[in-house]
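Please find below a colleague's note on the structure shown here. It is written for a reader who is new to such descriptions.

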Amino acid sequence: MTAFNVDRVAVGYSNSLIIDELSVSIPKGEITTIIGPNGCGKSTLLKTISRILRAKNGSVILDGHDIHRLGTKEVAKKMAILPQTAEAPGGLTVFELVSYGRFPHQKGFVSLKKEDYTYIHWALDVTGLMAFKDRPIEALSGGQRQRVWIAMALAQDTEILILDEPTTYLDMAHQLDILLLLQKLNREEGRTIVMVLHDLNHASRFSDYLIAMKEGALITEGKPEKVMTCSNLQRVFQIDANLMTCPFSANPICLSYQLCQ
Amino acid sequence: MVASSELSAPKRSRPIRAIIVLFGGMLALLLAIGLSISFGAADIQLATVWTAVFSFNPDVTAHQIIREIRLPRVLGAAMVGACFAVAGALMQGMTRNPLADSGLLGINAGAAFMLAICFALWPSLPYLYVILFSFLGAGLGAGIVYGVGSMSRGGLTPMRLVLAGAAVSALLGALSEGVALYFRIGQDLAFWYAGGVSGTKWIHLQVMSPWLLAAMIGAVILSRSITLLSLGEEVSIGLGQRTKTIKVVGMVIVLILAGAAVSVVGAVGFVGLVVPHLTRFLVGHDYRWIIPCSIVLGSLLVVLADLGARMINPPYETPIGALIALIGVPFFLYLARKGGKEI
């Protein structure tokens with residue numbers, strides 16, 4: 001089963017193409033992570049999948065339909081996005097921001113219904129934010145803020161979650177916190193998760209499927225043990241990696257590395 | 001860190017606060033309008049204001065003064081204030097730029113420029129058409145500022161837009177003055193350009209009203225989308241919003257509001273900057289409340305400024321543009337220093 005079929009897309013800003021003719025299928029009900037060096041187009045691919053960017057050529061197919069032909073509100077009921085640079089306006093409280101996640105399910109001017117409250121409270125609960133729900137967001141720490149945005153995406157109640165570097169700027173414990181939460185949402189509720197991560201070891205440990213990119217092209221894709229190999233890491237990142245097996249996930253992780261000569 | 005009682009339960013208390021601001025503001029506005037009508041060269045009692053409005057007698061001089069001079073003037077002030085305030089609120093929400101204001105982003109100067117041309121070439125053009133020139137000019141100003149701003153590398157930062165706005169405003173202002181000098185209409189333009197509602201006639205209000213009504217209804221309908229847009233474009237798309245459509249409709253509303261206001265009072269700045277920030281501080285971040293409250297508080301600010309303009313140095317009138325700038329400039333500097341995480 002696939003959640004998305006990306007079919008020969010070309011994407012770029014104004015006159016420079018960032019991605020040229022890329023095709024990839026993203027499996028349903030699994031955690032997929034896109035990896036690659038800075039500027040390789042992984043965020044661009046994620047934005048294309050999530051319809052923030054429109055492909056110049058090719059198409060993104062969601063449930064058998066071109067994503068741009070589906071009503072954007074319909075898509076929003078199936079797929080929630082956490083952008084890399086999400087920043088809340090000042091004065092907004094945690095509850096208020098999370099409640100905006102219900103927008104795709106609301107009609108017109110009506111305020112929150114009972115069902116909306118149920119989802120909002122559930123989202124606050126699983127992200128451990130219930131105690132902070134009436135705090136202004138700017139009074140929270142970086143890790144808590146990130147969880148607020150995730151809670152908003154969860155309140156949207158979608159099968160698919162798309163996250164662009166959800167662990168950036170967080171310390172090690174908070175990074176793990178977020179990733180374990182995503183893993184739980186995937187394992188227990190079967191949600192499809194697609195994300196970009198910079199930390200290779202996290203990507204390998206928490207993903208069912210990896211997509212490695214370089215210079216706008218797909219280099220390799222597959223299960224972590226297939227993608228996280230010395231030769232692939234050489235090709236993608238220009239590093240000589242010293243690999244071993246992660247004691248927690250049994251997937252390969254990189255102990256240390258050197259630049260290729 | 002911040003856990004005062006005021007901040008700890010805004011979920012329920014915010015709509016209540018908004019309603020208090022809305023109705024309190026309306027009450028204050030009515031009072032200010034009454035005061036403004038009664039105050040002037042000819043002393044008129046508040047009671048006379050009441051009878052002039054509700055049981056008009058054409059034989060009483062005071063009633064005539066109120067009907068023909070003071071009432072249109074104060075209503076004009078209220079309308080113009082509402083226009084600038086809502087235009088500012090919409091722009092700040094759509095662009096996430098805390099410094100957005102039709103005065104700072106060249107829209108007012110553009111409208112004023114087109115009006116100068118209009119006065120120079122067709123001095124007897126009816127106001128019904130004059131206002132269309134003002135809309136056109138507002139669009140021109142916005143177009144040039146966004147054009148100049150986005151040409152620079154690194155895109156449109158709040159500060160860059162304001163700088164482009166200042167430069168374009170200065171240029172358009174100079175061109176307006178050039179037009180005024182060349183066509184010898186400086187006298188007509190000078191006070192109008194400095195900002196004043198003293199010349200407001202019923203015809204202005206009649207022509208403006210349908211535009212304003214449509215734009216205000218549009219703004220209220222759009223308000224929920226503006227709230228979501230203020231979370232950022234990508235988040236807004238993710239929530240299933242048609243961000244491009246919303247921005248285009250929002251911008252058209254801004255141009256109508258600012259254009260209409262400038263055609264009556266001239267290029268008065270800072271109302272659109274100060275009022276939405278004050279409103280946001282009072283009622284929180286939901287534009288479904290910010291827009292209606294901005295209408296009321298914007299009206300109140302300009303009616304008071306107009307009243308103050310007549311009281312400072314009677315019998316002369318201080319330009320209200322200058323009076324509002326007196327509050328607006330320090331506020332702008334404060335926001336600019338804060339770096340604008342406000343929106």
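The points below treat chain A as a whole and then some helices of chain B.

1. This is a predicted model, in which local features need pLDDT of at least 70 and side-chain atom pairs count only at pLDDT 80 or more, while totals for chains, interfaces and linings use all residues. Residues are numbered from 1 along each chain as its sequence is written, and chains are lettered from A and ligands numbered from 1 in the order in which they are written.

2. Chain A contains nine helices and twelve strands (DSSP runs, H or I of at least four residues for helices and E of at least two for strands, numbered from the N terminus). Its radius of gyration, 19 Å, is close to the 18 Å that the globule rule gives for 261 residues, so chain A is as compact as a globular protein of that length (the radius is taken over C-alpha atoms, and the rule is 2.2 Å times the number of residues to the power 0.38).

3. Of the 261 residues in chain A, 46% are buried (20 or more other C-beta atoms, placed from the backbone, lie within 10 Å of the residue's own).

4. In chain B, helix α13 (residues 287-311) has 25 residues and should span 36 Å at 1.5 Å a residue; its end C-alpha atoms are 35 Å apart, which agrees (the expected span is 1.5 Å times one less than the number of residues). Of the 25 residues of α13(B), 21 are buried.

Terms used: Buried ≥ 20, exposed ≤ 12 C-beta atoms within 10 Å, placed from the backbone.
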